[in-house]
Amino acid sequence: MNTSFNKKIEHLFKEKSFSELTFSEKETVLTSLSAEEYDEIHTCIKNISLKNKKDAQNLSIPQNNKEQLLQHFRKKHQTQFSMPFTVPFIEISIPYFKPAFLATCVLAFFVIATVMNKEKEDNYELTIEEFNKYTTLYEDHMESDYELDETTAFLMNM
Amino acid sequence: MTFFLSKKYSVSSDEELILYVSKGKEKAFDELYKRYAKKLLYFFFQKLNDEEKANDFLQDLFLKIIEHPNKFDETKKFSSWIYSVAHNMCKNEFRNEELHLSKNNFFKEKQENNVTPFFCEIDLKLFNATLCQELNKLEETHRLTFELRYMHELTLNEIAEATEVSIGTVKSRLFYTTKKLAKELHFLTEK
């Protein structure tokens with residue numbers, strides 16, 4: 001003996017009376033209920049459904065109830081400091097925005113690091129020995145390109 | 001531009017919405033209110049038989065959600081959870097005072113101002129009153145199962161979660177309750 005309705009039967013008695021059922025539907029129903037029981041349930045459910053619609057139409061929620069709740073919500077969740085006109089990036093819903101934003105940050109970081117590294121190379125500092133080597137004149141190493149006459153030699157040694 | 005900047009809470013599930021509410025997202029709370037306020041008002045009205053009281057209970061319920069959104073049991077469906085909370089609120093109220101549930105005075109007042117009833121005025125009042133009477137004769141668990149199924153249109157899974165029983169138990173309760181009520185109310189619908 002069946003002790004529960006199957007979904008199909010439940011759907012049927014919301015929609016049709018017993019006389020409106022097809023032959024196969026009647027067979028299905030009769031496995032659980034008699035025709036009389038089916039019609040009783042169908043009428044009861046239909047009337048409850050009508051009653052529900054009627055009740056729902058007549059009930060109303062006062063306008064300011066929701067406003068009061070929202071004020072309470074804001075009060076509970078208010079932040080100490082909030083920057084004006086900030087775009088809530090987390091809430092942007094463009095597809096693939098977040099991965100693209102992350103990739104852009106990584107790329108920017110990489111570019112900045114590369115540029116800074118290059119500047120460092122260009123600003124190579126000479127050691128003291130190298131500095132002396134390239135800037136100090138060692139007369140011993142210089143070869144004279146010409147022969148000094150007596151006058152020029154005299155003047156240079158003054 | 002604004003369209004792309006706002007999250008689409010209207011497509012989020014109830015479970016996602018309550019999570020956003022716990023993080024302080026006002027629009028998520030607004031969406032949740034839109035989805036459940038009227039249904040829960042009707043649930044409270046069915047139990048309490050008083051529109052003003054039903055509205056007060058509705059406010060209390062949503063205040064509870066604002067204050068303690070983390071009390072939501074993530075293993076359950078949100079609809080099952082919120083109806084079980086609403087049911088418990090009513091149970092507590094019934095413990096505090098005795099409610100007169102046999103006559104529905106609300107409809108008497110409303111019907112005077114109504115334009116076109118669905119069916120005869122007398123039939124509606126009588127059906128309502130008799131339905132309430134018969135429902136009150138039932139065991140609380142059977143009554144709740146019936147109401148959640150046929151008045152609030154919850155699925156069998158949701159009813160099972162809300163009442164903390166198996167689906168098989170829900171089905172058999174519905175079977176016996178529906179048959180019994182249909183028999184008791186049959187005399188009203190005979191023509």
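Which residues of helix 1 (residues 7-15) of chain A are buried? In this predicted model, the buried positions of that helix are Ile9(A), Glu10(A), Leu12(A) and Phe13(A). These residues span an arc of only 160 degrees around the axis, which places them on the same side of helix 1 of chain A. An α-helix has 3.6 residues a turn, so residues three or four places apart point the same way. Lys7(A) and Glu15(A) are exposed and lie on the other side of helix 1 of chain A.

The secondary structure of chain A consists of 7 helices and 0 strands, and its elements run α-α-α-α-α-α-α from the N terminus on. Of the 158 residues in chain A, 20% are buried.

Chain B contains 10 helices and 0 strands. Along the sequence, the pattern of chain B is α-α-α-α-α-α-α-α-α-α. Buried residues account for 49% of the 191 residues in chain B.

On the surface, a patch of negative charge is formed by Asp50(B), Glu52(B), Asp56(B) and Asp60(B). One of these residues, Asp50(B), is located in the loop that lies between helix 3 (26-48) and helix 4 (51-67) of chain B. The relative accessible area of Asp50(B) is 34%, so this residue is partly exposed.

Methods: Residues are numbered from 1 along each chain as its sequence is written. Chains are lettered from A and ligands numbered from 1 in the order in which they are written. This is a predicted model: local features need pLDDT of at least 70, side-chain atom pairs count only at pLDDT 80 or more; totals for chains, interfaces and linings use all residues. Side-chain values use heavy atoms; hydrogens and water are left out. Patches are made of residues with over 30% relative accessible area and no salt bridge: like charges are joined within 9 Å, nonpolar side chains (Val, Leu, Ile, Met, Phe, Trp, Tyr) within 5 Å. Accessible areas come from the Shrake-Rupley method with a 1.4 Å probe; for residues, only the protein chains shown count as cover. A salt bridge is a side-chain nitrogen of Lys or Arg within 4 Å of a carboxyl oxygen of Asp or Glu. Lys and Arg count as positive and Asp and Glu as negative; His and the chain ends are not counted. The place of a charge is taken as NZ of Lys, CZ of Arg, CG of Asp or CD of Glu. Helices (H or I, at least four residues) and strands (E, at least two) are DSSP runs, numbered from the N terminus. Buried means under 20% relative accessible area, exposed over 50%, partly exposed in between (1.4 Å probe, protein chains only). The arc is that of the directions from the helix axis to the C-beta atoms.
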